[in-house]
Amino acid sequence: MKYKLIVSDFDGTLCRSDNRVSEYSKEVIGEYFKRGGVFTLSSGRSIASLRTHLDEAGLIDRDIPLLGLQGSVIEDNLTGRIMYENGIGRETALWFSRECEKRKVYHHVYTKGEIFSSSPNMFTEMYTRLAGVGMNFVGSVSEFLESSKRDDFIKILAITDDKEKTAYGADIASLGRGGVDIFTSGPYFFECISSDSGKGNGLKKIAELLKIDISQTMAFGDEMNDKSMIEAAGVGVAVENARKELKDFADAVAPSNDLDGVAKTIVKYCF
């Protein structure tokens, strides 16, 4: 098999607009495993959130590493063992939280297993419904971080009420703090992670763990947070509904997520 490892983004890529994985995609993934390949997911979601969709993707009992929180955490699917973890820490999380608060942008902060938000609102309602996981409400996120004795914070996600406000992410990035990557991850999202994380580095680590040459990997995505993964893979594929900048950068463009582009491309290249 030319491509022994496939890593796919979930939301907007494998997952359809109805927040489901189609039966056809599940069948193709199963056949790919039968032929000796390894298929896994990479997401900005936490691993716990990814797990809520493993059954419909046919992955629930697979011996695979799962890549979550924008490449910051790799967890063994069957045992739950953390295979890799790299976060931003308390001081960087506090800096980013304060910058979001200056701009009056909602945000929440992650450890590998928990999410901390200010208080229930339309953003938390939307996100918990989408992700299928709960949150801890702590009042001001920056005050919580300032007083916390923890240093295991992985990333921060900011959610805006206007697409134009995602440009705040670029504004904050322009402040030049070292050791972080700040990027848009959806029409209303921007995020902060460690510069040593990212989906591209996560893909490389998974290939190394599985002893698969990077040239034998394929990656799928739809947003700019997928760019490093698409760049790192032997073949990087953007789905048709992806941002134009990502499609221009990718090696190939697949049909949209609603037309099972990931599955159809697997059939084209691997069967």
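**A loop glycine and its surroundings**

Leaving aside residues up to four places away in sequence, Gly-80 touches Arg-51 and Glu-75. The model is a predicted one. Gly-80 sits in the loop that joins strand 4 to strand 5 (82-85). Is this glycine buried, exposed or partly exposed? The cut-offs are under 20% relative accessible area for buried and over 50% for exposed, with partly exposed in between. Gly-80 has a relative accessibility of 32%, so it counts as partly exposed. For a sense of distance, take Ser-195, which is 115 residues away from Gly-80 along the chain. The C-alpha atoms of Gly-80 and Ser-195 are 25 Å apart.

Strand 4 (73-76) is among the elements that the buried residues of helix 8 pack against. The others are strand 1 (5-9), strand 2 (38-42), strand 3 (65-68), strand 12 (217-221) and helix 9 (227-232). Helix 8 covers residues 199-209, and its buried residues are Lys-199, Gly-200, Gly-202, Leu-203, Ile-206 and Ala-207. How are these buried residues placed around the helix? Viewed down the axis of helix 8, they fall within an arc of 160°, so they line one face of the helix.

Just past the end of helix 8 comes Lys-211, with a positive phi of about 60°. Phi is negative in most residues other than glycine. Lys-104 is not a glycine either, and its phi is positive at about 55°. Lys-104 belongs to the loop between helix 4 (89-102) and strand 6 (106-110). With a relative accessible area of 76%, Lys-104 is exposed. Asp-260 also has a positive phi, near 60°, without being a glycine. Asp-260 is in the loop between strand 14 (252-254) and helix 11 (261-270). Is Asp-260 buried or exposed? Its relative accessible area is 8%, so Asp-260 is buried.

Asp-171 is part of helix 7 (residues 167-173) and counts as partly exposed, at 38% relative accessibility. Asp-171 and Glu-99 are 72 residues apart along the chain, while their C-alpha atoms are separated by 9.6 Å.

The whole chain can now be described. The protein chain has 11 helices and 14 strands. Its radius of gyration is 18 Å, close to the 18 Å that the globule rule gives for 271 residues, so the chain is as compact as a globular protein of that length. The C-alpha trace spans about 55 × 40 × 35 Å along its principal axes. How many of the residues count as buried? Of the 271 residues, 55% do. Among contacts with a separation of 6 or more, 61% are between residues 24 or more positions apart.

The accessible surface of the chain is about 11600 Å², and carbon and sulfur atoms hold 47% of that area.

Terms used. Residues numbered from 1 in each chain as written. Predicted model: local features only at pLDDT ≥ 70, side-chain atom pairs only at ≥ 80, totals over all residues. Heavy atoms only, no water. Helix = DSSP H or I, 4+ residues; strand = E, 2+ residues; numbered from the N terminus. Rg over C-alpha atoms; globule rule 2.2 N^0.38 Å. Buried < 20%, exposed > 50% of the residue type's maximum accessible area, 1.4 Å probe, protein only. Contact = heavy atoms within 4.5 Å. Areas by Shrake-Rupley, 256 points an atom, 1.4 Å probe, with all protein chains shown as cover. Arc of directions from axis to C-beta.
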